[in-house]
Amino acid sequence: MDADTVKSLARETGFDLVGITPTGPTLAAAFYPEWLAAGYHGEMSYLEGHRGGLRSEARQLLASAKSLISLGLIYDTRQPYTPDVEFTSQAWISRYAWGDDYHDVVRRLLYQLVERIEKQTGPFEHKVCVDTAPLLERAYAAQAGLGWIGKNTCLINEKIGSWIFLGEILTSLELAFDDPAPFRCGTCTRCIDACPTDALVPIAQTAGPSHALDSTKCISYWTIELHGPIPEDDRPGLGPHVFGCDICQDVCPWNRRAPQTDRPDFQPRNALPELEELAILTEDEFNERFADSPIERARYGGFLRNVAVAMGNSGNRDFLPLLETLAANADPLIQEHARWAIEEIGAIE
Ligand code: SF4
Ligand code: SF4
C-alpha cells in the first residue's frame, strides 16, 4: 500500500490531519532529558526512567515499526475563548475536556483505520497510541508535517490551529515519509506574554522547539496532575481555572479562524459551569457526571480543591456559605483550600 492510499483512508475514517514519519528519535527528543533534569515535569514521575526513555524513540514500542502514521482530529467547538469571558461565578474547564474523553474517541478511530488498511493489505504489525503510550506525540506529529511546535509548546497547523487531538499508528508497513512543517511563530510572543504564571521558558536549541513548558508553573499541571496541596503563593494565579488552562492557545493568532467540529462526541457539556454547582457535587455525583470525561483524572478531592481556590480568587462573597461547607469536608485537602479561599474573600474590602 502507498502513503497516499493510507492518507485517503485516514480521511475517510474521519481524521482531519495525517502525516507519515520515521520511527527513530526526533529533534525534540534531544531536549527531553534536559527538560526532565530541569525538573520541569514536577511530580509526573511516570515521565522519567525506563518509560520516559521509551518516549524519545517510537520504534522501541514496536520493534518491527518502519513508519509512524500521525493523525489529528479537530476538537474546537462554538464556544468563547478565555479572554472573552468575564468571570464572576463561572469556572474554566479546558476546552479539550468539554466533551467525551478523546482517548476513547481517537483510539476507536485508529482501530477503524487499521481495519480499513488491513482490508487492502492483509494483517500487518502495528501499535496504536493515544497520549497514554510513552511517546513524544507532538514531536512526531511535527516531524510528520502536521504542524510546528509553537512557543506555547502546542502543535499548530497553519489551517487548523492548535485545537487538535493526536493519535498514532506505528506500523511495519514501509511508507513514504512527509517533510516537517516550518516554524511559523515568527516574532510573536502573545502566548508567553499572556501566560499568567510565566510557565513558558525559552530553551537553547539550534533546531526543534524554541520554548519548553515548566509544568511546575503551569495551571494545567496544578489543576490536573498535582494531587496534594497547591502552593499558597501560586493559588491566585489559578484564577477561575478548575481543570486545565487554554490561555496560551486562546490568544494564539493561528486559532482565530480555527475550524470547528460537528462531531457529537466533542460537543460541549462541561463548558463554563457555575462554581456553585461544582462545589455541591458529592463524590458519587462527581464520578457519575464526569465518568466519560477527562475531568475524572483530577479526582474528586483534587477537583473540589480547585473549585475552592477558584471561588477564593473570584472575590465573590456569595460563595462564603458554600466555602464554609467545603471547609467542613472530611478531606483535609478540601478543608484547607476552602479555609484559604474564605480568608482571601475576607481580605477584600
Ligand atoms: S496552559 Fe496556562 S498556565 Fe500553562 S503555559 Fe499555557 S497559559 Fe501558561
Ligand atoms: S501565540 Fe504566537 S508565539 Fe505563541 S504559539 Fe501562537 S504564534 Fe507562536
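Where is the place of T153? T153 sits in the loop between strand 5 (148-149) and strand 6 (155-156). Helices here are DSSP runs of H or I with at least four residues, strands are runs of E with at least two, and both are numbered from the N terminus.

Before I go on, some ground rules. This is a predicted model, where local features need pLDDT of at least 70, side-chain atom pairs count only at pLDDT 80 or more, and totals for chains, interfaces and linings use all residues. Residues are numbered from 1 along each chain as its sequence is written, chains are lettered from A and ligands numbered from 1 in the order in which they are written, and side-chain values use heavy atoms, with hydrogens and water left out.

Back to T153. This residue is not a glycine, yet its phi is positive, at about 70°. T153 is buried, at 12% relative accessibility; buried means under 20% relative accessible area, exposed over 50%, and partly exposed in between, with a 1.4 Å probe and protein chains only.

D198 is not a glycine either, and has a positive phi of about 55°. D198 lies in the loop between helix 6 (190-194) and strand 8 (200-202). With a relative accessible area of 53%, D198 is exposed.

Now strand 1, residues 17-21. Five of its five residues are buried, so strand 1 is largely enclosed by the rest of the structure. In a regular strand, side chains alternate between the two faces of the sheet. On one side of strand 1 are L17, G19 and T21, on the other V18 and I20, all of them buried.

What does strand 1 pair with? Its partner is strand 2 (residues 67-74), in the antiparallel sense, over five bridges; pairing requires that DSSP finds at least two bridges between two strands. Within strand 2, G72 stands opposite L17.
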